[in-house]
Protein chains: 2
Amino acid sequence: MPVSSYIAESMDKASFIRKMFEQGSQLRAKFGAENVFDFSIGNPDLDPPAEFFTAARELIAEAGKGMHGYMPNAGFPDVREAVALSVSAQQAVEVNGTHTVMTCGAAGGMNIIFKTILNPGDQVIVPKPCFVEYGFYIKNHGGEMVMVDTREDFSLDISNIRKAMNERTRAVLITSPNNPTGRVYPEEQIQELGKLLLEAGKKRTVYLVSDEPYRELVYDGVTVPSIFKHCPASIITTSYSKTLSIPGERIGYVAVNPSTPGAEKLLGGLILSNRILGFVNAPALMQRIVARLTGATVDIEAYRRRRDLFLDGLTSAGYNVPKPEGAFYIFGKSPIPDDLAFVNHLLKYNVLVVPGSGFAGPGYFRIAYCVSENTIIRSIPAFKKALETL
Amino acid sequence: MPVSSYIAESMDKASFIRKMFEQGSQLRAKFGAENVFDFSIGNPDLDPPAEFFTAARELIAEAGKGMHGYMPNAGFPDVREAVALSVSAQQAVEVNGTHTVMTCGAAGGMNIIFKTILNPGDQVIVPKPCFVEYGFYIKNHGGEMVMVDTREDFSLDISNIRKAMNERTRAVLITSPNNPTGRVYPEEQIQELGKLLLEAGKKRTVYLVSDEPYRELVYDGVTVPSIFKHCPASIITTSYSKTLSIPGERIGYVAVNPSTPGAEKLLGGLILSNRILGFVNAPALMQRIVARLTGATVDIEAYRRRRDLFLDGLTSAGYNVPKPEGAFYIFGKSPIPDDLAFVNHLLKYNVLVVPGSGFAGPGYFRIAYCVSENTIIRSIPAFKKALETL
């Protein structure tokens with residue numbers, strides 16, 4: 001066996017999504033890309049904002065000695081300060097540069113968090129549906145993912161989290177706005193969760209880990225509540241992938257709530273983990289670029305228009321689609337209980353979506369609306385036909 | 001405890017190097033940066049070659065849709081093809097794009113390699129002295145580092161490697177030109193190693209993993225032998241950190257020898273590991289830049305001049321310093337057996353070097369000559385005085 005047993009097993013499991021990928025390519029080859037409606041991948045299609053290119057141009061022109069060299073494993077000190085200002089504003093809790101670590105995206109951030117806090121056998125509670133890749137990030141470092149149900153509206157069910165807790169619980173991991181549901185967890189739930197973790201953490205700290213790449217992608221004036229205000233032992237991680245449309249560049253950060261017990265030691269551990277996991281540091285040029293772009297985002301209104309177009313179209317076509325408050329996903333109810341069968345049925349109409357089962361949310365399907373309005377409009381008759389022919 | 005036991009323990013161990021860092025800062029604050037001779041860090045001071053900035057400017061200007069977006073976890077297909085051409089030339093073995101995976105530097109490369117190939121308890125043999133960070137990369141994924149002695153000239157001692165092998169051996173990890181010694185392992189040793197691994201791998205593949213960031217930094221016409229030609233089951237990993245002076249950008253790759261048994265499955269595993277460890281993919285813009293820069297390097301002749309200046313100066317001052325064939329390190333014999341005591345003694349003369357013990361090579365000290373010729377020249381009297389006052 002050229003690979004380890006675990007990797008061999010994981011490759012077999014991962015083959016379902018690979019198969020979907022291949023089906024998409026086959027459909028495009030057969031019918032032409034313009035006749036295939038691919039809503040399977042959350043790869044932002046909007047261009048990065050103009051400020052991104054301006055900053056990149058300026059920084060390449062300025063490039064002096066050391067611009068692309070090593071810096072401390074936590075990142076450039078001035079970049080960390082800039083990030084801290086933005087975190088302070090978002091979280092309504094003052095943090096400084098030393099509370100932040102620049103990372104290779106949020107996926108890198110979560111890996112250094114779990115490497116740092118987990119002892120072998122520790123558990124991390126994750127409300128589902130969720131991004132199932134979390135399971136790998138936890139297991140990589142000897143931990144175990146424990147999924148719990150959310151409410152029917154996909155908001156947190158604190159009593160389920162309470163029931164899942166035991167002496168091995170080390171963290172609760174949430175993402176809001178949520179992938180795949182687009183749900184934003186309301187402030188009172190975060191508050192209640194904070195109280196629960198504080199109580200449970202009296203013997204050993206239980207962290208709230210908040211994965212926040214969609215924090216700024218919210219609609220209709222919804223605000224995402226502060227984590228730091230309500231949960232003393234908390235760590236946020238995020239990336240600029242979605243807000244700046246640069247997921248290929250792998251740039252993000254981790255920020256630790258200054259109220260976390262032993263925050264300084266935790267930060268030292270995160271910095272060590274960033275080094276020893278082989279990230280070493282977040283990419284240098286991108287660190288400098290994002291430090292200049294506080295507040296810049298892609299055109300969020302464009303995503304809002306697409307969401308509304310899709311919701312209207314699918315509802316008129318007869319689908320049951322709850323209204324997402326953020327991110328760029330719609331998590332629709334599968335018209336038949338077997339979401340895998342429904343997703344395969346949609347393929348006959350050249351429509352690609354991801355089954356809810358891929359997010360531990362069976363009975364649903366996920367649409368990523370990082371596509372043009374025209375594609376959305378043209379796809380509605382296909383969705384409609386699929387429903388009629390079930 | 002805010003962090004895991006393993007991280008807490010590793011933080012304590014890592015504190016020695018942190019202490020050296022702090023001492024350096026204190027010396028600079030006290031005596032002025034120009035009066036402190038810091039040879040402790042291998043952070044290239046030469047500017048990236050002009051081609052780097054040209055490519056960066058052009059790519060930023062061209063930036064169309066998707067330029068900074070997701071791509072396959074292995075990297076952009078055209079970038080992988082460009083890398084394959086360069087690997088084919090260096091290794092004198094034909095590889096194509098599918099044999100390569102773009103990574104976040106060589107440290108990222110090694111982590112995905114060990115994640116992919118190691119079962120719990122597997123051993124990796126590493127000739128010492130070596131970059132001790134390897135121990136973390138191996139242990140991160142359940143493996144165990146087994147160090148073996150090299151010969152007196154720091155070249156490989158194949159019989160020591162043979163003696164260390166057992167049924168748990170999964171790989172041998174080498175780096176040539178070596179950090180810290182600058183030694184280039186001769187072709188007949190690589191050939192002998194290849195035969196040994198082929199024989200040992202009859203039941204289960206035993207890989208040669210070759211970490212090659214210094215391959216192009218060699219002097220006096222020395223060439224680094226091909227790994228792929230002599231070792232059928234082999235994986236190379238490298239970064240552009242040293243050849244292009246961009247260590248902060250975290251860009252490199254892994255290439256698998258097409259003769260490796262189960263090469264396709266191994267590559268699938270590496271790509272999965274790149275994804276699940278949170279690297280996701282190598283930074284997009286840097287991938288495109290390095291693809292345009294095949295063959296470009298920093299001014300290697302500048303490093304050669306520094307090496308010779310240092311060797312002449314230290315030899316005249318009475319030191320025993322073997323001549324390195326590559327990389328930008330000198331591994332000198334400590335004038336007293338206790339290298340830690342000697343390094344502390346040098347500090348009195350404002351000279352910072354790393355004790356050989358930090359590389360599992362006690363009785364030596366490492367100089368990184370990524371500094372100006374002027375600094376080297378001005379440091380020689382300090383080295384001399386330190387020797388006289390021992």
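In chain B, strands β9, β12 and β11 form, in that order, an open sheet of 3 strands with antiparallel pairing; two strands pair if DSSP finds at least two bridges between them. Everything here comes from a predicted model, in which local features need pLDDT of at least 70, side-chain atom pairs count only at pLDDT 80 or more, and totals for chains, interfaces and linings use all residues. Residues are numbered from 1 along each chain as its sequence is written, while chains are lettered from A and ligands numbered from 1 in the order in which they are written. Helices (H or I, at least four residues) and strands (E, at least two) are DSSP runs, numbered from the N terminus.

**The sheet and its helix in chain B**

- β9 (329-333) and β11 (354-355) of chain B are the edge strands, each pairing on one side only.
- Between β11(B) and β12 (residues 364-368) of chain B there are 2 bridges, and these strands run antiparallel; here B:Pro355 stands opposite B:Phe365 of β12(B).
- Lying across β11 and β12 of chain B is helix α12 (residues 339-347), at about 45 degrees to β12(B). Axes are lines fitted to C-alpha atoms, for helices over the stretch in contact, and angles run from 0 to 180 degrees between N-to-C directions.
- Which residues of α12(B) are buried? They are B:Asp339, B:Phe342, B:Val343 and B:Leu346. These residues cover an arc of only 100 degrees around the axis, so they sit on the same side of α12(B); the arc is that of the directions from the helix axis to the C-beta atoms.
- A residue is buried if 20 or more other C-beta atoms lie within 10 Å of its own, exposed if 12 or fewer, and partly exposed in between, with C-beta atoms placed from the backbone.
- The packing partners of the buried residues of α12(B) are β10 (351-352), β11, β12 and α13 (373-388) of chain B.

**How the two chains meet**

- Chain A brings 63 residues to the contact and chain B brings 63 residues. Residues are in contact if their C-beta atoms, placed from the backbone, lie within 7 Å.
- On the chain A side, at least two residues each come from α1 (5-13), α3 (50-62), α5 (105-117), α6 (134-139), α9 (263-276) and α10 (284-291).
- That side of chain A has 33 nonpolar, 22 polar and 8 charged residues. Here Ala, Val, Leu, Ile, Met, Phe, Trp, Tyr, Cys and Pro count as nonpolar, Asp, Glu, Lys and Arg as charged, and the others, Gly among them, as polar.

**Backbone details worth a look**

- A cis peptide bond, with omega near 20 degrees, runs from A:Asn179 to A:Pro180; A:Pro180 lies in the loop between β5 (169-175) and α8 (187-200) of chain A.
- A:Val280 is not a glycine, yet has a positive phi near 70 degrees. A:Val280 belongs to the loop between α9 and α10 of chain A and is buried, with 23 other C-beta atoms within 10 Å.

Technical notes:
Two residues are in contact if their C-beta atoms, placed from the backbone, lie within 7 Å.
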